[in-house]
Amino acid sequence: MAKLPLTEQQLIEAYGPHLNEAPPGGWDAGLEIDRVVNTHCCFCGQQCGIKLKVRDNAVVGFEPWYEFPFNEGKLCPKGVKRYLQGSHPDRLLHPMERDPAAPGGFRQVSWDHALDRVVGEIRRIQQTYGDDAFAMLSGVSLTNEKSYLVGKFARLGLHTANLDYNGRYCMVSAGAGSKKALGVDRSPNPWSDIPLADVVWIAGSNVAETFPITTSYIWRARDRGAKLIVQDPRVVPLARTADLFLGVRPGTDSALFGAVLHTLIRRDWLDHEFVDAHTLDFDDAVAAVADMTPRWAADITGVPAARIEQAAEWWGSSATGMLLHARGIEQHTKGVDNVLAAINLGLATGKFGKPGCGVSTITGQGNGQGGREHGHKCDQLPGNRDISNPEHRAHVASVWGCDESEIPGKGIPAQEIIEAIHAGKIKGLLSICFNPLVSSPDSNFTAAALDRLEFYSVIEFFLSETAQHADVVLPGSLHEEDEGTATSGEGRIIKINAAVEPPGEAHLDWQILLDIAERLGKGKYFPYKNTQEIFEELRLASAGGTADYLGATWDRIENEMGLFWPIPEIGHPGTPRLFEGGRFFHPDGKARFHGVPFKESAEVVDDEYPVWLTTGRVVSQYLSGTQTRRIAGLVAQYPEPLCEMHPQLAERIGVTDGDIVTVTSRRGDITLPARVVNTIRPDTVFIPYHWPGAKAANQLTNRAVDPISKMPEFKVAAVRIARSPGHVETTDRRDLELHEGPS
Amino acid sequence: MSLDRRGVIWGLVGVAVTLALTFLGSDRLVWFDAALLGYLFGLIFAVFGVVYRYAVWIRRPPTAMLNRRGWDAFRQRKARNVAALPSLVATQLLTQGFIRRRSRTRWFAHQLVFWGCILAALVTFPLTLGLLHFESVGQQADRYQVFISRVGTLRFDAASTFGWLIFHALDIAAVLVLAGVFIFLRRRLRDPGAMAVERSGDFLALAGLFAVSVTGLFLTVSSKWLEGRFYSALNTIHALTVILGLMYLPFGKLFHIFQRPGNLGVVYYKRANDEGPPAVCRRCGLAFASAQQVADLKEVLPQVGFDYGMDGGGNYQDTCPRCRRVQLTLAQSARVGGFG
Amino acid sequence: MRYGIDDSPVFVIDQSRCIGCEACVQACMECGTHRGQSLIHLERIDQATTTQTAPMVCMHCEDPTCAQVCPADAIKQTEDGIVQSALKPRCIGCSNCVLACPFGVPKYIADFDQMMKCDMCTDRTSEGYAPMCASVCPSEALWYGTIEKFNETRSGSLLRDFMFGRQEVRTKVYTVVDELGAGALDVFAPTRSHWLDDPFGLEQEALDG
Ligand code: SF4
Ligand code: SF4
Ligand code: SF4
């Protein structure tokens, strides 16, 4: 079915998002607590340490965890308010079945009934249309244990090849690029390397809003005299203090990197020794940038040539330097190219494997790093193994105790799963921690696809916009209700501790998967009694892979406040910095240069759609907002999307700040208030994507994907903008109280 | 510390008035109960202290300014302001909604203590001053009449509910106060935040209220259930706590009882100011307060030792609070690399 | 970490580093002395032209203007120089402090008819812990620690003298400047210009410049 049982409005009334404003009992309740639990924030890849205060099986507050080395107590607003996602009125407490006649559109059912129905539908669909017609979508809000389990569950329990995850929209371009060039998908550096860099170059990352804690690392470097370069179409908050700002036009990062490499070569700001000893294919890279002069790049990128040369000079002539990139250069049809072009700059100047040196992605999602290592990507097995590689398959089969042939082959990535659903090839879907209706490009298309499913079931803690389409809703667990490990953007494995038990009839996620597997007759592969047993198996399954967790034990992880993989043997200290001594992860130990020619984005502006659109995040919201749109303080900070545009553009279409505009692309349109600021390029508009339905920025975005990573092009689309009737005050609520005067 | 001369004079005036009241009220001491002499002493001390402190307080420049402006405002639209008075007294002074909006428990506790104290004061002070006494009427031993000075008023039966209430008024007050004190204490002990900003005086005030109430209740217990055993010892202890409590009144937390009515002046002041012109920020040009209050502050500030005048004319105090914060940031940023 | 009495940690505010994330605003609400009420200020300097934002906590003046203009004597300074929120029983809600504080700190909370202000998380600092805002601030625009630690890890010098017109004010909280030579921070000193005047090189720089 998978159609909404009631109207969107009715579903929102029943299941939220409602806003949780105060801790259980209210602000006045006093602060007596039973205990304090050391754990982590779940709202980005930095995985800040935090202490949760618990009373009567409810999280009632937090305390900074000063001793945790990564953040030393620091938190962004999401971390501060994270504890309010618990004890939430919207929390799903019972299994439910779609029933348009029931109030709220769902009726409460027993676990037995719900699970039998799910399993019955899986069987029916797989028998009728083949095993792969039932797909699974997962997410990296899950711990390593759950990610690993989902990978195994889909392959051995569901026996489908079609499993993929929401990191497909986040880190895959970085991962693919790193693997090609460096042989491994992990940040080369612990964050403690940032303060040691003489140049810090932030490319396509709104660090202040999406990785706020990294700001303090950058300042540590600057306090030592480091130069800060920021490359972004917007003067993001960190850029304001930069020494050099490269205001690139969306979709032209590889031109800019190319021109920098061109300049490095021309001025001979190269580390020849390093290039000769530790890399291959430099000539390819040189050939590709032969004509990429700064002057040429200036025309394409819109960045003055002098600034490009300045960047090259600082990068090329400094002893140490770190280039950090994120979705801004990765969410493109040439995302992998952009990453390769960035890595070229590091390789050419020998900036790898040394203190304060590295080119690194900043992992976005909560367990974006760990979650992409252990097998819930469509082409991957645990330990970052390749599902098409016979040796890798044999190893994993031996750990799983199955025949290698029982493990399905390579499946299709997330965006293609949605296309296959739309095309009627995939008929059934089970999802966990994924809200594609908000996060996938071209949301009208996604909605149409969901309507075509014969059966859809979700494991969720809140009824997300996608979950509203479900036939069966299985209430799972929140981050603070289960224990396990996660791996932060630094490659640091950390321990997540349970603070409370799942409320009502909600179950732990892993137990739900086990129950389904049992009913599918595959219980023998899932004999776990607790989460730790899953981790023990994960260690063995990952052993010998690049993401090798063999030596990591829960005790050590907890006592040493995290361990950096690879940890290939028991007692191994872990590997905070990769590539020391210039040894890369390819079998020959050498890194690869890549020739990166400049390509235009899949869609470019024209007379009909003359403005570039780029999308992104705001600091107070996380991904599709399933959690953060339910927390009052965070919602108040930035309640709804605004269309950021330059005064020159605003003047052209005749709007001023707060006027309502309609932004239209070839796929859809959105009507929202304009925010007129001269901190964005005049040819570009920016809309954050955290909202659903009529407020979804992804109504506009393009489904075109990177040929290698299959990452959709969230960062570039062509749009036209027109004024619509209406005006709202976009002024911040705080600014309002200021002039109310004191009486 | 030297005493403030005008404070002393006003204090003495207060004492004289109290004594005169006692003398006249008790019909030239005919009805004055000598057993209550200790209480009278405490009361006189309290009167002196409270009046002294009030006199000093009201003359501090900002207080004097507000006092003056409050009365000015009151007189300006007298009819309307007099009419508004009862409801203001009710909301600002009696029902105390401003506390309730902050915390219901705290409000509830405060109301208990507040009404308990009012009740106790209404009984104790007139009794002490001899303004109030009871006489038995006629032949019936349990029929009484209330006398205010020498004027006989109500008659009542001691066994009636009304009689019971009259004779147990102080017990009722003690129970109210105790309940409030317990809620306050519990709140404090459960809330580390409240503990942290606790001033020693806060606990002293609660301890005093507790002591007075408990010893008072013991008197009733003794006479009702212990056939008067320990009565005189208890009586002395109770008297002592009351006297000490009275003597503490001018110094501690409880002085707010006398300051709080100033809030009514503030309400009138603000209302009058809102009708006048606004102060406009010298930086952003937006209205941010009443011109009157900003002008008053500019007058008061030099009296308390500040000079916010700007070289080249104008006064810093004409900047709105938001622009003060903005301007500070811009100035600071200019001295670290010039971001901004 | 927990500081001892001898560490004498200080509060430092370096507005220029603020990234406007509002972690401080959210965390202030969690402070035990005024749960649910955020008392820190966060300004957007001029949203249309810059992403600059600025936090403002109470600077804890040595001679606090707010206390001096309070008609109810409701604002008290502790022995270690913390200027506390208005005493609840005393404050009569006149807003003199709100208007007179040179840093624009106290807030008049209409619902409670009271002034409330930052008290440097007395519940935390009195126990040796950093205030909420300075604990969480990701950019370290708000910072709490020993002067030695500051000098070891950060550039710039600590300053706590401010000029407002002719009035010089010394505070317990420090700010940061490059050079101390220029003396007290004059809030109406002219500001410097920066590349931000033309971030995209639209006017000053030709693309090939
Ligand atoms: S969202 Fe990220 S930066 Fe913010 S507190 Fe959580 S882990 Fe830290
Ligand atoms: S900064 Fe303002 S509120 Fe704080 S002590 Fe100084 S005058 Fe008072
Ligand atoms: S937490 Fe720090 S960076 Fe964030 S708004 Fe507050 S002062 Fe600024």
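Glu43(C) and Arg325(B) pair up in a salt bridge, with their closest N and O atoms 2.6 Å apart; the rule asks for a side-chain nitrogen of Lys or Arg within 4 Å of a carboxyl oxygen of Asp or Glu. This is a predicted model, so local features need pLDDT of at least 70 and side-chain atom pairs count only at pLDDT 80 or more, while totals for chains, interfaces and linings use all residues. Residues are numbered from 1 along each chain as its sequence is written, chains are lettered from A and ligands numbered from 1 in the order in which they are written, and side-chain values use heavy atoms, with hydrogens and water left out.

**Chain B with chain C**

- The contact (heavy atoms within 4.5 Å) takes in 63 residues of chain B and 77 of chain C.
- About 6200 Å² is buried between chain B and chain C, with 55% of it on carbon and sulfur atoms; buried area is the accessible area (1.4 Å probe) that two parts lose on being put together, summed over both.
- Of the area that chain B buries against chain C, 13% comes from Arg102(B), Arg325(B) and Arg335(B), more than from any other three residues.
- The rule turns up six salt bridges across this interface of chain B and chain C.
- Between chain B and chain C there are also 41 residue pairs in polar contact, both residues at pLDDT 80 or more. A polar contact is a pair of N or O atoms within 3.5 Å; within protein, one must be able to donate a hydrogen and the other to accept it, and residues adjacent in sequence count only if both atoms are side-chain atoms.
- Elements that give two or more residues to the chain B side include helix H2 (37-58), helix H14 (291-303) and helix H15 (321-334); helices (H or I, at least four residues) and strands (E, at least two) are DSSP runs, numbered from the N terminus.
- H15(B) provides the largest share of the chain B side that touches chain C, at 13 residues.

**Chain A with chain C**

- Here 72 residues of chain A touch 54 residues of chain C.
- The buried area between chain A and chain C is about 5100 Å², and carbon and sulfur atoms give 53% of that.
- Five salt bridges cross the interface of chain A and chain C; Glu140(C) forms a salt bridge with Lys74(A), with closest N and O atoms 2.9 Å apart.
- Polar contacts between chain A and chain C come to 22 residue pairs, both at pLDDT 80 or more.
- Among the elements giving two or more residues to the chain A side are strand E3 (58-64), helix H11 (294-301) and helix H12 (305-317).

**Inside chain A**

- In H11(A), the buried residues (under 20% relative accessible area, against over 50% for exposed and in between for partly exposed; 1.4 Å probe, protein chains only) are Pro294(A), Ala297(A), Ala298(A), Ile300(A) and Thr301(A).
- Those buried residues of H11(A) pack against helix H8 (253-266) and H12 of chain A.
- Over in strand E23 (611-616) sits Thr614(A), which is buried at 6% relative accessible area.

**Ligand shells**

- Ligand 1 has residues around it (a heavy atom within 4 Å) that include Cys41(A), Cys44(A), Cys48(A) and Cys76(A).
- Around ligand 2 there are 14 residues, and the closest are Cys58(C), Cys61(C), Cys66(C), Cys101(C) and Lys117(C).
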